[in-house]
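Take a look at the model below and get your bearings. Then use the briefing under it as a guide for your own tour.

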Amino acid sequence: MAISPPYPTYSPGPGSGAHPHWWQRRWVRYGALITLLALSGLVILALVRRQTGTEGFLVGLGLAVLPVPWLIAAFRWLDRVEPGPWRNLVFAFAWGACAAALIAIVANSFATKWIATSTADPAGADTLGATVIAPIVEESAKAASVLLVFLFRRRDFTGIVDGVVIAGVTATGFAFTENILYLGTAFGTDQLTGDRGIASVTAATFFVRIVMSPFAHPLFTVLTGIGFGIAALSSERQHARRVLVPLGGLLLAMSMHAFWNGSSAFGEFGFFAVYGAFMLPAFGLLTWLAIWTRQRELRTVREELPAYVYAGWLGPAEPFVLGSMRARRMARDHARQHFGGRPAARAVAQYEAYATSLAFLRQRGRRGRAGADFVVREQELLAELWRRRGVARPALEYAARASAPAPVFWGAYGCPAMPQPLYNPYRS
């Protein structure tokens, strides 16, 4: 039987039956979102190409794309414990590269021109735009992506790592478009002045934005993601915390962004001073926090899943294997080699992901932070595990034997030394 705290079974209320309003239909929402992002992409493409020229655009595109695979791979690696669906990452990157970039370009330009006209001080308007307006506009535009995933993909947004990943991928998309603009404009400047090689504006821009600080925008927006991640861990009764903590993260992101943009005002070497004394330590601290959170998630898996071993849903070795990324990988590799190639490995990976979601769900329930649909969600996850047990269990048992440094008595992990399944509704 399922192991569940006494939460009421979720049931849709009256009026929420099988006939939703037209705007609630999935294809309508997906269609509207895709249309919005596509139009934003076309407009931003036209604006950037108009400013840089076709040749400058192509040069900027070729250079700006270089850090993108590395950043996406880093955030995907961080998300390996409970990997979110690719559609969320695609949406986050597209929002950052298209919608957020378009909002930033239009709003920043309008605000800077308005200030310059009102004050008759174009230089002061540019400084104010870079240090005050740009951080507010850009971080708000990027935060909208995190907010949308938090509201409409709530099952995929369960903690700090999810917030960090969605925020980081959104900022990576934003930085990609912004780098095309800056590098393409720099190339156009070099074409006019005749500068070439390492002394060119393009080389200097590439060094600062691509080599030294490709992590800058992700670093800022990750603070917003952490705020939403903490809100996701809060109970539904903690209304103030669920609102104020994300706002606090957004304000910190704006402040760090403003400090970074204003570094040039600190003298000739202000940029390098801020980079060395502030940006690198902040990057190191947040990287440590993200990795520590990932290790904490693995510990949660090891601590929460033994209850399902006692109930007969999981094998006795599975909490140990699912709490180790190395053992998980060994299980997938074994399934690929001995149980049917990639489809078998994919089934094991899905089993690992569903089991991890189950552990996090149980932790929220035990802490009184689960929603009204706790029992329904638990049963859904258990059913998904049961469908894949034929391939997953032998692979996980092999990984447990291969990764254990010495004979392991599974009772040490809170599991019985010999499997003793209890009543199971899926068993005939």
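Here is a briefing on this structure, grouped by topic.

First things first: this is a predicted model. The protein chain has 15 helices and 0 strands, and buried residues account for 48% of its 428 residues.

**The whole chain**

- Take the contacts between residues at least 6 apart in sequence: 79% of them join residues at least 24 apart.

**Helix α12**

- Does the length of α12 agree or disagree with what you'd expect for a helix? It agrees, because 14 residues (325-338) at 1.5 Å a residue should span 20 Å, and the end C-alpha atoms are 20 Å apart.
- The buried residues of α12 are Met 325, Ala 327, Arg 328, Met 330, Ala 331, Arg 332, His 334 and Ala 335.
- Those buried residues pack against α9 (270-304), α11 (318-322), α13 and α15 (389-403).
- After α12 comes Gly 340, which has a positive phi, near 120°.

- You'll find Glu 352 in helix α13, which runs over residues 341-366.
- Is Glu 352 buried or exposed? Glu 352 counts as buried because its relative accessible area is 2%, and the cut-off for buried is under 20%.
- Leaving aside residues up to four places away in sequence, Glu 352 touches Leu 322, Arg 328, Ala 331, Arg 332 and Leu 396.

**Trp 114, for contrast**

- Trp 114 sits in helix α3.
- Trp 114 counts as exposed because its relative accessible area is 56%, and the cut-off for exposed is over 50%.
- Trp 114 and Ala 125 are 11 residues apart along the chain, and their C-alpha atoms are separated by 8.5 Å.

**Helix α6**

- With its 12 residues, α6 reaches 15 Å from first C-alpha to last, close to the 16 Å expected at 1.5 Å a residue.
- Its buried residues are Thr 202, Thr 205, Arg 209, Ile 210 and Met 212.
- The cover over the buried residues of α6 includes α1, α5, α7 and α9.

**The second largest pocket**

- How much space lies in the second largest pocket? The answer is about 1,200 Å³.
- The second largest pocket is lined by 39 residues, and the closest to its centre are Glu 138, Glu 178, Tyr 182, Arg 209 and Asn 261. You've met Arg 209 already, as one of the buried residues of α6.
- Seven helices each give at least two residues to the lining of this pocket: α1 (26-64), α3 (86-119), α4 (122-152), α5 (160-193), α6 (201-212), α7 (216-233) and α8 (239-261).
- Which helix supplies the largest share of the pocket lining? That's α5, with 9 residues.
- Sorted by type, the lining of this pocket has 18 nonpolar, 15 polar and 6 charged residues.

**The cavities**

- How many cavities of 30 Å³ or more does the structure hold? There are 3.
- The largest cavity contains about 70 Å³ of space.
- Residues lining the largest cavity include Asp 79, Pro 85, Val 149, Phe 157 and Ile 166.
- Both α3 and α5 supply at least two residues of that lining, and α5 gives the most, with 3 residues.
- By type, the lining of the largest cavity divides into 6 nonpolar, 2 polar and 3 charged residues.
- Next comes the second largest cavity, with a volume of about 40 Å³.
- Among the residues lining the second largest cavity are Ala 64, Val 68, Leu 71, Phe 176 and Pro 214.
- Here α2 (68-78) and α5 each supply at least two lining residues, and the largest share, 4 residues, comes from α5.
- The lining of the second largest cavity has 7 nonpolar residues, 2 polar and no charged.

Key:
Residues numbered from 1 in each chain as written. Predicted model: local features only at pLDDT ≥ 70, side-chain atom pairs only at ≥ 80, totals over all residues. Heavy atoms only, no water. Buried < 20%, exposed > 50% of the residue type's maximum accessible area, 1.4 Å probe, protein only. Contact = heavy atoms within 4.5 Å. Expected span 1.5 Å × (residues − 1). 1 Å grid on protein atoms, 1.4 Å probe; cavity = no way out; pocket = protein on both sides within 12 Å on 5 of 7 lines; lining within 4 Å. Points joined across faces, edges and corners; volume = space filled by probe spheres on them. Nonpolar A, V, L, I, M, F, W, Y, C, P; charged D, E, K, R; others polar.
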